[in-house]
Amino acid sequence: MTGPSTKTLPPLTEDLEALAASADHYYLKSSSIVEKIVHNGRTFYSKFRRYDQTPNPILVSQHLRREVTLALPLLQEGVGERIVIEYLGEEPELFLQTLRHLFQHLGIDDYRCYQGKKGNKRTVILPVARQELEQLHAEGGRLSDMLQTRLQKSWRILPDRRLPESYNIFTLPYGYIN
């Protein structure tokens, strides 16, 4: 298997613009802390500022040129349609190979693998049926448990019910991984 599916991948900009168009708000990364959030007894410091409008193609192109860092929400009113797996470990190729094998075993063929900002960062976006946060978190937990039987944990799966809504976001990637 050479790619996430047998379908032809759309151009990256087109793919990211489609992701952006599905969001009713977006986040831009700031150089300093924007907001202090207390959630379930924990304190989070966010560097992402929320904008309550649909991101436009200009923002996507600025992101791809690395002029801004654009992030999208995974939840809208507590409901989401995708699971994101972000890998930051030292063996991204082993991770992707293991993940592809797991997805093949589970019969999942609709997903995209992307290159992150840093050389070893990988982002995998898995579209799922529209679900509540609890269901998405449970499904992501099952995937994480299956991966953990083969690899040392160097990833995070979003959305996560233990995080505030403004932390259940993902930064748009910078390139496809075949």
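Analyst: Rings of Phe, Tyr and Trp (its six-membered ring) pair if their centres lie within 6.5 Å; planes under 30 degrees apart count as stacked, over 60 as edge-to-face and the rest as tilted. The structure holds six aromatic pairs. This is a predicted model, in which local features need pLDDT of at least 70, side-chain atom pairs count only at pLDDT 80 or more, and totals for chains, interfaces and linings use all residues. Residues are numbered from 1 along each chain as its sequence is written, and side-chain values use heavy atoms, with hydrogens and water left out.

User: Why is the pair of Tyr114 and Tyr176 called stacked?

Analyst: The ring centres of Tyr114 and Tyr176 are 5.4 Å apart and the planes stand at 20 degrees, so the pair is stacked.

User: Is Tyr114 buried or exposed?

Analyst: Buried means under 20% relative accessible area, exposed over 50%, and partly exposed in between (1.4 Å probe, protein chains only). Tyr114 has 2%, so this residue is buried, whereas Tyr176, at 22%, counts as partly exposed.

User: What makes the contact of Arg130 and Glu81 a salt bridge?

Analyst: A salt bridge is a side-chain nitrogen of Lys or Arg within 4 Å of a carboxyl oxygen of Asp or Glu. For Arg130 and Glu81 the N to O distance is 3.5 Å, and the side chains therefore meet in a salt bridge. Arg130 is exposed at 56%, while Glu81 is partly exposed at 39%.
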